Amino acid sequence: MNCFTYSRRLLALTALLSLSLGGSTNVPVFGQARRQPPTSNQKKNKRPPEGGQQPSEPQDPIPTDVMGKPGDAEKIEIKTTLVNVDAVVYQKKTRGIVTGLKRENFAIFEDGVRKDITNFSTPEAPITVALVLEFSKLGEQFGYYGSSGQEPGQAEVIRPMAIFLSEFIKPPQDYVTVIAYDMRPTPITDFTNDPHRIQETINFMLRQTPAFRETNLYDALKFTLIGGRGDAVAMEESKSAKADYSGITAIQGRRTAVILVASGIDTFSKINYGQARKILQNAGIPVYIIGTANLYFKKYGDQMGALDGAFNDPGRLSFLQAQNALGVFAKETGGAYYPVTFPGEIPSTLRSIDAMLRSQYSLGYRPGEVRDGKQHKIVVRVDVDGDGQYDDKEYIVNARQFYNAPKDEPAK
């Protein structure tokens, strides 16, 4: 790419983002941000301080059959008997979110058996978000041709990122980390609550161009949730190319969530769909998804073959599978899936996500000494008016749906 083309694309992106944010194209560049020190000298990632009223006990452990290498299990295994459930309650007809409920208004059932709610907090704590972006040449292709060449392809991903960071993250209470992925996930910034650092992150992403065509979604989700070894933070001048990271499941005492901006296409992750799904189910963290490439698919879907092309161009079946996977990930984690088609939908979509993020009731229960390695169904029911009858016909409870119990290894 020559300098003229690069400069033209950068100016176009800056102008585009300025219009989306309702501000000026004169974006300032700030100095080095001040951030919280890490709580451990063994992991990267600056951890937000504990706060709010969420349960302070660790999350339930990720099953060892989805960990990957044995060494990974030693790094991220967390022993606990507490299952955390974040729940949002809203009316079926109006979609209005219900606030002001108490512990007595909720009931949790595991495999049909009611469990005592041992931990409870209301939607008052600040949020800690991992913002995960698909940033690949394949995604760039979707965005460019979806807009008929009217804007740079990466704008489909950068636009929602920039709006969310500038309008919906509220420092210093809220914390955010940004992770971009193509063939592997790369942390752009560690968890930060510094407005300057957040603005720097937007500026940094505006200057980037996707490097690889591969888009390994499942690996990126695993890295975001349970950590592992990955690229050094892109915005830091690290002497090492790699670093060890803690996932967002390691954060305690704060209200957490993942926001994913992606098409759902996965090229060749090291883990498969089933393993990624199990990790998401067990993490206990809601995943809110902005689906991309929808305009591209609507424009060109009829011209695609059913199967992938000779140059690994996704076929209709791959797009449909991707959309289904995103819907399943969001539903089973207690999040929400928004398949966005046009840029004008993004502000209202982000407002909906923000409202749900800040209206989550945090519940916790103890499953007992269950170590069968099996999946257990979780159902949360609500009695809004306190009359002793569950209001299933009038209200919906958005919460995680499964808990995968750990399994004792046979003695050697």
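1. Ground rules. The model is predicted: local features need pLDDT of at least 70, side-chain atom pairs count only at pLDDT 80 or more, and totals for chains, interfaces and linings use all residues. Residues are numbered from 1 along each chain as its sequence is written, and side-chain values use heavy atoms, with hydrogens and water left out.

2. The sheet. Four strands form an open sheet with antiparallel pairing, in the order β4-β13-β1-β15. Strands here are DSSP runs of E, at least two residues long, and helices are runs of H or I, at least four residues long, both numbered from the N terminus. Two strands pair if DSSP finds at least two bridges between them. β4 and β15 are the edge strands, each pairing on one side only. On average, neighbouring strands of the sheet are turned by 30° against each other, direction ignored. Strands of a sheet pair through backbone hydrogen bonds, either parallel or antiparallel.

3. Strand β1. This strand covers residues 83-91, and eight of its nine residues are buried, so β1 is largely enclosed by the rest of the structure. Buried means under 20% relative accessible area, exposed means over 50%, and partly exposed lies in between (1.4 Å probe, protein chains only). Five antiparallel bridges link β1 to β13, residues 361-365. Five antiparallel bridges also link β1 to β15, residues 395-399. Ala-87 stands opposite Tyr-361 in β13. On the β15 side, Val-88 is partnered by Asn-398.

4. Strand β13. Five of the five residues of β13 are buried. Which residues cover each face of β13? Tyr-361, Leu-363 and Tyr-365 lie on one side, Ser-362 and Gly-364 on the other, and all are buried. In a regular strand the side chains alternate between the two faces of the sheet. β13 also runs antiparallel to β4 (residues 117-121), joined by four bridges. There, Ile-117 stands opposite Tyr-365.

5. The nonpolar cores. A nonpolar core is a set of buried Ala, Val, Leu, Ile, Met, Phe, Trp, Tyr and Cys residues joined through side-chain atoms within 4.5 Å. The largest one holds 39 residues, and Leu-131, Met-161, Phe-164, Leu-165, Tyr-288 and Leu-357 touch the most other members. Helix α4 (residues 155-167) gives the largest share of this core, seven residues. A second, separate core has 28 residues, including Phe-191, Ile-271, Ala-276 and Ala-283. In soluble globular proteins, nonpolar side chains tend to be buried together.

6. Leu-165. What does Leu-165 contact, leaving aside its neighbours within four places in sequence? The partners are Leu-131, Val-176, Val-178, Ile-198, Thr-201 and Ile-202. Contact here means heavy atoms within 4.5 Å.

7. Helices α4 and α10. α4 packs against α10 (residues 346-357) at an angle of about 50°, with the axes 10 Å apart. Axes are lines fitted to C-alpha atoms, for helices over the stretch in contact, and angles run from 0 to 180 degrees between N-to-C directions. α4 is therefore oblique to α10. Angles under 35 degrees count as roughly parallel, over 145 as roughly antiparallel, 65 to 115 as roughly perpendicular and the rest as oblique. The α4 and α10 crossing is right-handed. A crossing is right-handed if the near helix is turned clockwise from the far one by less than a right angle, and left-handed if anticlockwise. Arg-159, Pro-160, Ile-163 and Phe-164 of α4 make the contact with Ile-346, Leu-350 and Leu-357 of α10.

8. Helices α7 and α9. α7 (residues 273-283) and α9 (residues 316-333) pack at about 25°, with axes 9 Å apart. The two helices are therefore roughly parallel to each other. Their crossing is right-handed. Tyr-273, Ala-276, Arg-277, Leu-280 and Gln-281 of α7 meet Ala-325, Val-328, Phe-329, Glu-332 and Thr-333 of α9.

9. Helix α3 and Ser-148. Seven of the 10 residues of α3 (residues 137-146) are buried, so this helix is largely enclosed by the rest of the structure. Among them are Leu-138, Glu-140 and Phe-142. Ser-148 lies in the loop between α3 and α4. Just after α3, Ser-148 takes a positive phi of about 60°. At 44% relative accessibility, Ser-148 counts as partly exposed. Ser-148 and Lys-299 are 151 residues apart in sequence, yet 9.5 Å apart in space, C-alpha to C-alpha.
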